[in-house]
Amino acid sequence: MEAHQLALSLPSTPAAASEARHQTVVAIAGWNTELDAEVVHAAALVVSELVTNAVQYAGTGSASLTVCLDEAVLRVEVCDASPVLPQPALPDADSEGGRGLFLVAALADRYRAEPTENGKRCWAEIDLITKPSQDMACFLPLQRS
């Protein structure tokens with residue numbers, strides 16, 4: 001499989017997550033890779049959560065999004081200017097937010113946040129669901145009448 005990449009610079013506005021999610025889905029569809037719908041939905045949610053965190057906690061600076069599909073992994077990276085690494089914490093039951101990193105952890109196979117020279121990078125990787133190369137029916141036991 002050839003490598004595909006989307007790179008965006010995002011303003012620090014409430015609409016950034018929605019725009020990033022939309023651009024990600026459009027880009028993946030344009031790659032003609034026939035990714036499983038679950039992978040595309042998981043990627044869209046991961047993008048939304050990571051961009052939302054960047055906009056909410058990084059202040060007025062812009063953020064960048066990179067989505068890269070290479071071989072068997074779809075990687076989402078969001079960079080922002082804040083050096084403060086996100087810390088997952090259990091929100092109160094009636095809290096409206098605070099669950100984003102839990103969603104990312106549930107949807108991604110791997111995720112991390114790491115410092116950079118200009119702030120931080122939060123990334124998540126989703127392993128692609130592989131389709132069987134042979135018809136599974138040939139492996140089912142024969143029914144006898």
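This is a short talk on how one predicted protein model is put together, from its overall layout down to a few single residues.

Hi everyone. Please keep in mind that what we are looking at is a predicted model. Let's begin with the overall layout. How many helices and strands does the protein chain have? There are three helices and five strands. If you walk along the sequence, they come in the pattern β-α-α-β-β-α-β-β. The protein chain has 145 residues, and 32% of them are buried. Here is one more number for the whole chain. Take the contacts between residues at least 6 apart in sequence: 64% of those join residues at least 24 apart.

Thr24 belongs to helix α1. Is Thr24 buried or exposed? Thr24 has a relative accessible area of 1%, and buried means under 20%, so Thr24 is buried. Which residues does Thr24 touch, leaving aside neighbours within four places in sequence? They are Leu6, Val47, Leu65 and Val67.

Helix α2 has another partner as well, and that is helix α3, residues 100-107. Here the axes come within 9 Å and cross at roughly 150°. By that angle, α2 and α3 are again described as roughly antiparallel to each other. From α2, the residues in the contact are Ala42, Leu45, Val46, Glu49, Leu50 and Asn53. From α3, they are Gly100, Leu101, Leu103, Val104 and Leu107. This contact divides into eight nonpolar residues, two polar and one charged.

Next, the inside of the protein. The largest nonpolar core has 32 residues. Which of them have the most contacts inside the core? Those are Trp31, Val51, Leu65, Val67 and Leu74. At least two core residues come from each of β1 (4-10), α1 (16-30), α2 (37-57), β2 (63-70), β3 (73-80) and β5 (119-127). Which element gives the most to this core? That is α2, with ten residues.

You can find Leu74 in strand β3, and with a relative accessible area of 0%, Leu74 is buried. If we set aside residues up to four places away in sequence, Leu74 touches Ile28, Trp31, Val39, Ala43, Val67, Cys68, Leu69, Ala124, Glu125, Ile126 and Leu128. Look at Ala124 in that list. Leu74 and Ala124 are 50 residues apart along the chain, and their C-alpha atoms are separated by 8.4 Å.

Apart from neighbours within four places in sequence, Ala124 is in contact with Val46, Leu74, Arg75, Val76, Val104, Ala108, Arg110 and Tyr111. Val46 and Val104 also take part in the contact of α2 with α3. There is one more pair to find on your screen: Ala124 and Asp109 are 15 residues apart in sequence, and 7.4 Å separates them from C-alpha to C-alpha.

Finally, two loops. In the loop between α1 and α2 you will find Asn32. Phi of Asn32 is near 50°, which is a positive value in a residue other than glycine. Is Asn32 buried or exposed? Asn32 has a relative accessible area of 66%, and exposed means over 50%, so Asn32 is exposed. The other loop, between β2 and β3, holds Glu71. Glu71 has a positive phi too, near 60°, and is likewise a residue other than glycine.

Technical notes:
Residues are numbered from 1 along each chain as its sequence is written. This is a predicted model: local features need pLDDT of at least 70, side-chain atom pairs count only at pLDDT 80 or more; totals for chains, interfaces and linings use all residues. Side-chain values use heavy atoms; hydrogens and water are left out. A nonpolar core is a set of buried Ala, Val, Leu, Ile, Met, Phe, Trp, Tyr and Cys residues joined through side-chain atoms within 4.5 Å. Buried means under 20% relative accessible area, exposed over 50%, partly exposed in between (1.4 Å probe, protein chains only). Helices (H or I, at least four residues) and strands (E, at least two) are DSSP runs, numbered from the N terminus. Contact means heavy atoms within 4.5 Å. Axes are lines fitted to C-alpha atoms, for helices over the stretch in contact, and angles run from 0 to 180 degrees between N-to-C directions. Angles under 35 degrees count as roughly parallel, over 145 as roughly antiparallel, 65 to 115 as roughly perpendicular and the rest as oblique. Ala, Val, Leu, Ile, Met, Phe, Trp, Tyr, Cys and Pro count as nonpolar, Asp, Glu, Lys and Arg as charged, and the others, Gly among them, as polar.
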